[in-house]
Amino acid sequence: MNPTGSNPQAKAKSNVVAVIPARFASTRLPGKVLLEIAGKPMIVVVAQRVLAARNIDQVIVATDDERIRKAVESAGFEVAMTRSDHASGTDRLAEVVSELPDAEIVVNVQGDEPLISPLTIERAIEALRGTDNAGIATTWEAIDLPADVFDPNVVKVVVTSDGRAIYFSRSVVPFPRAAANKYGSLAAALDHDRDLLRLFKKHTGLYVYRRDVLLEFTRWPQSELEKSEGLEQLRALEHGVTITAVEAAAPSIGVDSAEDLERVRAIVARV
């Protein structure tokens with residue numbers, strides 16, 4: 001890993017470091033992190049929003065692509081060039097953090113989240129700082145559409161009354177059995193009683209780690225639940241890591257398709 005760039009923020013020792021993994025390859029939208037939003041590459045928009053969080057000390061974009069490096073450095077942000085053989089963004093994150101011994105808390109923001117709220121980032125950091133028990137903090141949003149409850153691409157998180165995430169799934173969790181029995185199916189129940197939507201929480205891909213937990217996490221082998229659901233956070237739960245979950249300050253849109261990109265561009269143009 002080779003950190004580069006001339007941004008003055010990179011020179012100070014930091015306790016809270018945000019790392020934005022960014023790769024050029026994308027199945028549905030190749031090169032998406034370099035596509036422009038309001039005249040700037042998406043990855044630069046993301047970095048600017050992360051830097052706006054008041055409790056972030058340092059922002060680093062982690063990539064193995066020279067095109068991304070040039071775009072990020074041209075905007076004045078720090079880049080860490082990483083290996084190209086990482087299985088996940090979390091592994092890329094860990095490579096960067098392993099060389100940052102002064103980092104105590106590490107924020108992982110996806111490079112395709114140009115609408116991420118700085119306040120959401122602040123909330124997640126403070127949630128982790130506010131407890132001695134949790135090793136990871138993450139965020140969730142309310143689900144407004146019944147279709148999202150059944151969509152396997154919308155990951156649901158089950159959160160206890162004290163804010164602890166106890167399961168993540170692509171399936172319908174929790175399952176309101178009594179309501180489904182009353183109306184004959186869950187779909188019918190949701191049509192008749194929209195208040196049921198309050199049971200469900202959409203997990204969003206923002207993570208805040210204690211540095212030692214992140215590095216240990218990436219050394220553990222994939223768990224069976226993780227492989228079954230395709231959700232790596234289940235590995236942490238199976239190893240006994242407490243994950244605290246807080247509500248996002250504002251909804252965000254992960255850009256996975258051309259349609260997502262146009263929605264984001266339209267939202268940004270209205271602001």
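Trainee: Which residues lie nearest the centre of the second largest pocket?
Mentor: Arg49, Pro114, Leu115, Val268 and Val271, out of 14 lining residues. A word on the source: this is a predicted model, where local features need pLDDT of at least 70, side-chain atom pairs count only at pLDDT 80 or more, and totals for chains, interfaces and linings use all residues. Residues are numbered from 1 along each chain as its sequence is written, and side-chain values use heavy atoms, with hydrogens and water left out.

Trainee: What makes a space a pocket?
Mentor: On a 1 Å grid over the protein atoms alone, a pocket is an open set of points with protein on both sides within 12 Å along at least five of seven lines. Lining residues have an atom within 4 Å of a point. This pocket holds about 270 Å³.

Trainee: Which elements give two or more residues to its lining?
Mentor: Helix H1 (42-51) and helix H11 (258-270). Helices here are DSSP runs (H or I, at least four residues), and strands are E runs of at least two. H1 gives the largest share, three residues.

Trainee: How do the lining residues of that pocket divide by type?
Mentor: Into 10 nonpolar, two polar and two charged. Asp, Glu, Lys and Arg count as charged, so Arg49 is charged.

Trainee: What makes H1 mostly covered?
Mentor: Seven of its 10 residues are buried, among them Met42, Ile43 and Val50. Buried means under 20% relative accessible area, exposed over 50%, partly exposed in between (1.4 Å probe, protein chains only).

Trainee: Why is Lys32 called buried?
Mentor: Its relative accessible area is 11%, so Lys32 counts as buried. Lys32 lies in the loop between strand S2 (16-21) and strand S3 (36-37). Leaving aside neighbours within four places in sequence, Lys32 is in contact (heavy atoms within 4.5 Å) with residues including Phe24, Met42 and Asp256.

Trainee: What joins the side chains of Lys32 and Asp256?
Mentor: A polar contact of 3.4 Å. The term needs a pair of N or O atoms within 3.5 Å, one able to donate a hydrogen and the other to accept it.

Trainee: Is Ala38 buried or exposed?
Mentor: Ala38 has 62% relative accessibility, so Ala38 counts as exposed. Ala38 lies in the loop between S3 and strand S4 (40-41). Its phi is positive, about 55°, although Ala38 is not a glycine. Most residues other than glycine have a negative phi, and most peptide bonds are trans.

Trainee: Where is a cis peptide bond?
Mentor: Between Val173 and Pro174, with omega about -10°. Pro174 lies in the loop between strand S10 (164-169) and helix H6 (177-183).

Definitions and conventions: On a 1 Å grid over the protein atoms alone, a cavity is a set of points where a 1.4 Å probe fits but cannot get out, and a pocket is an open set with protein on both sides within 12 Å along at least five of seven lines; lining residues have an atom within 4 Å of a point. Grid points are joined across faces, edges and corners, and a volume is the space filled by probe spheres set on the points.
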